[in-house]
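Here's a quick tour of one protein chain. Have a look at the model first, then read on.

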Amino acid sequence: MSIVRPTYDGETESGTTAGAGSGMLGAHRHDRGGAPEFDGARPGRDGRREAGTGELVKQAAQQVSELMRAEMRLAAAELKDKARHAGTGAGLLGGAALVALYGVAVLLAAAVAAIAVALPVWAAALIIGGFLMLVAAVLAVLGRAQARRATPPKPEQAMGEAKQTMAELKERATHR
């Protein structure tokens, strides 16, 4: 007895039962005996296909790339927020410095008025003005000394050490 069954690819295939020449009692032929095709995926515990190694590596690379982009967006937003706070802080500090300058001027005027109780106003102003000029001169001398230490604007010590190192290396190279 012959049985015709569809195969996986839609073609029909003839099979025989025992007694028709197969030699196996009750066996039916379903396929041609070829190896199953391997697509790199295995069914998982829940019955769904598991991805192969190449697909997993591709997914991991894509996820890392997306994560890095998200981190960069977060960093940019954070820097923007910090820059806004820094700008506001700098403006407030500038305002504080201006108010402090006016405060110092008022305190100087008060010092002039206090001295003016014992001396004429012009003498009190002259004393305070002379004191301020003395403080300015001391600050100028200290600033000039610091500026001299900063010139010339090149790293002389590091350059000297680099030249010394080069000379030692040349000497070691010639003695080998």
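Helices (H or I, at least four residues) and strands (E, at least two) are DSSP runs, numbered from the N terminus. By that count, the chain has three helices and four strands. This is a predicted model: local features need pLDDT of at least 70, side-chain atom pairs count only at pLDDT 80 or more, and totals for chains, interfaces and linings use all residues. Residues are numbered from 1 along each chain as its sequence is written, and side-chain values use heavy atoms, with hydrogens and water left out.

**Overall layout**
- Take the contacts (heavy atoms within 4.5 Å) between residues at least 6 apart in sequence: 5% of them join residues at least 24 apart.

**Salt bridges**
- A salt bridge puts a side-chain nitrogen of Lys or Arg within 4 Å of a carboxyl oxygen of Asp or Glu, and by this rule there are two.
- E78 pairs with K82, with their closest N and O atoms 3.7 Å apart.
- E78 and K82 are four residues apart in helix α1 (residues 53-115), so about one helical turn separates them.
- E78 is partly exposed at 43% relative accessibility, while K82 is exposed at 51%.
- D81 and R84 form a salt bridge too, at 2.6 Å from N to O.
- Both D81 and R84 sit in helix α1, three residues apart, about one turn of the helix.

Technical notes. Buried means under 20% relative accessible area, exposed over 50%, partly exposed in between (1.4 Å probe, protein chains only).
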